[in-house]
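Good morning, and thank you for the time on today's agenda.

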Amino acid sequence: MVEQSADVERAVRLLAAGEVVGLPTETVYGLAADGSNDSAVRKVFSIKGRPPGHPVILHVAQPDDVHRYAHAVPPEAERLLRAFWPGPLTLVLPRSALVPDVVTGGLPTVGLRMPAHPLFLEVARRLGRPLAAPSANRFGRVSPTRAEHVRLDLGKDVPLVLDGGPCAVGVESTIVDLSGKSPRLRRPGGITPEDMLERADVRVFVDDGEGLPVPGSLPSHYAPRATVVLAASGELWQRVRTEALRRRVGVVHRGAAPPDLPDSVATVRVGESEQELAHDLYAALRSLDEQGVELVVSVIPEVASGSVGEAVLDRLKRASAPRPE
Ligand code: TXA
Ligand code: MG
C-alpha cells in the first residue's frame with residue numbers, strides 16, 4: 001500500500017519535532033532524522049544499535065543543496081550529480097560548517113545524496129532540511145527493501161514507516177569519495193564506474209576500502225541471522241543436499257530448483273537479470289531468516305562486469321565473511 005498525503009504530513013511533523021521516521025528510497029529504506037538536529041540523529045544511532053562515530057549519509061532534496069553542505073565541490077562532483085541525481089549515488093565531499101559532527105562521525109567529509117523516491121523527496125522538501133538516513137535495519141544486518149521489513153526490524157521503536165512499495169534498486173547507493181586527489185569507489189551500487197565514465201566523463205578508481213573505519217567497509221556487514229556460504233552454480237545443489245543432512249538449509253538460486261530436494265530445504269529463486277537480482281537479494285535473505293534456516297547456501301551469480309551485479313557480489317561476499325563474536 002502506497003501512502004497518502006496525510007502520512008506525508010505526519011512524517012514531516014514528526015521529523016520537525018525531532019523524531020525518526022522510516023522512509024522509502026529507490027535503493028533501500030532509510031531511518032531518517034532531521035540532519036540539522038543533533039539529538040534526532042542520535043536517536044537514529046540508538047535505535048539501529050549503531051556505534052557512535054560512524055558517518056551517516058545526508059540526503060538533500062535538490063542538487064544545488066550540495067553547495068550548502070559541502071564546502072568544496074570539484075568539477076567531477078558537479079558532473080556526477082548532474083548526470084545521476086536524483087539517484088543511487090552518494091558523493092563524499094569536504095563538509096561545510098552546516099553539517100553537525102554527529103552526521104559525519106567527526107570526519108572532515110560528508111556523504112551527500114539526492115534520492116529518487118518521490119515520497120522521500122516530498123518529505124524532505126516540506127521539511128526544508130536535509131535528512132540524515134542510514135539504512136533502516138539493526139546495525140550489521142541486511143538492509144530493508146520493503147516497508148514491512150522496517151516494521152518487523154524496528155517497528156516498536158519507530159513511530160511511523162511510510163510505505164513507498166518495494167525499492168526499485170534493492171542494494172545501497174554507490175559511494176564515491178571525491179575528497180582526495182582522485183575519485184575513489186567506497187561502495188559499489190546501482191551506478192557503476194563504467195556508468196560514471198560514460199555519462200559524466202569521471203574516472204573512478206576502485207580500491208578495497210581498507211583502513212576506513214566505517215560500516216559497510218566491515219567485512220561481515222549486510223548479513224542475515226543465518227550463516228551464509230556461497231557456491232558456484234555447478235556445485236550449488238550438491239552442496240545443499242550435503243548440508244541438508246545436518247541442518248536446516250535455505251537456498252538462494254537462479255533458474256529452476258531440482259524437483260527432488262529434501263522437504264526441509266527452503267528455496268528462494270532470484271531474478272535472472274542483474275537488476276532483478278539486486279532487487280530480490282535482500283528480500284530473499286530476510287525470507288530465509290524468517291523461515292528459521294540455520295545455513296543459507298547462495299549461488300555465486302554470474303554477472304556482467306560494469307553491471308549492478310557487481311554490487312550484489314560485494315554484498316554476498318560480505319554476508320558470507322566470518323563474523324565478529
Ligand atoms: O542507499 C543508501 O545509501 C541508503 C539509503 C537509505 O540512502 N543509505 C545507506 O546508509 O546505505 P548507511 O548508513 O547504511 O551506509 C552509509 C555508508 C556508511 O556505511 C559509510 O561507509 C558511508 O556511507 N559514509 C557516509 N558518510 C561518509 C563519509 N563522510 N566518508 C566516508 N564514508 C561515508
Ligand atoms: Mg546500512
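How many helices and strands does the protein chain have? The protein chain has 11 helices and 13 strands, where helices (H or I, at least four residues) and strands (E, at least two) are DSSP runs numbered from the N terminus.

Two remarks on conventions. This is a predicted model, in which local features need pLDDT of at least 70 and side-chain atom pairs count only at pLDDT 80 or more, while totals for chains, interfaces and linings use all residues. Residues are numbered from 1 along each chain as its sequence is written, chains are lettered from A and ligands numbered from 1 in the order in which they are written, and side-chain values use heavy atoms, with hydrogens and water left out.

First, the overall form. The C-alpha trace of the protein chain spans about 60 × 45 × 35 Å along its principal axes. Its radius of gyration, taken over C-alpha atoms, is 20 Å, which agrees with the value near 20 Å for a compact globule of 325 residues; that rule is 2.2 Å times the number of residues to the power 0.38. Of the 325 residues, 57% count as buried. Here buried means under 20% relative accessible area, exposed over 50%, and partly exposed in between (1.4 Å probe, protein chains only). Contact means heavy atoms within 4.5 Å; among contacts between residues at least 6 apart in sequence, 66% join residues at least 24 apart.

Next, the interior. A nonpolar core is a set of buried Ala, Val, Leu, Ile, Met, Phe, Trp, Tyr and Cys residues joined through side-chain atoms within 4.5 Å. The largest such core has 33 residues, and those with the most contacts inside it include Leu-80, Trp-85, Leu-112 and Met-196. Helix 4 gives the largest share of this core, 5 residues. Another core, of 25 residues, lies apart from it and has Leu-277, Leu-281, Tyr-282 and Leu-288 among its members.

Which residues of helix 8 are buried? They are Pro-193, Met-196 and Ala-200. Seen down the helix axis, these buried residues fall within an arc of 75°, so they line one face of helix 8; the arc is that of the directions from the helix axis to the C-beta atoms. Glu-198 and Arg-199, on the other side of helix 8, are exposed. The cover over the buried residues includes helix 4, strand 4 and strand 7. After helix 8 comes Asp-201, with a positive phi near 55°.

Finally, the charged pairs. The structure holds 19 salt bridges, a salt bridge being a side-chain nitrogen of Lys or Arg within 4 Å of a carboxyl oxygen of Asp or Glu. Arg-315 pairs with Glu-172, the closest N and O atoms being 2.8 Å apart. This pair links distant parts of the chain, 143 residues apart: Arg-315 lies in helix 11, and Glu-172 in the loop between helix 7 and strand 7. Arg-315 is buried at 1% relative accessible area, and Glu-172 is buried at 3%. Both belong to a network of salt bridges that also links Asp-314 and Arg-318. Within helix 4, Glu-78 and Arg-82 are 4 residues apart, about one turn of the helix, and form a salt bridge at 3.3 Å between the closest N and O atoms.
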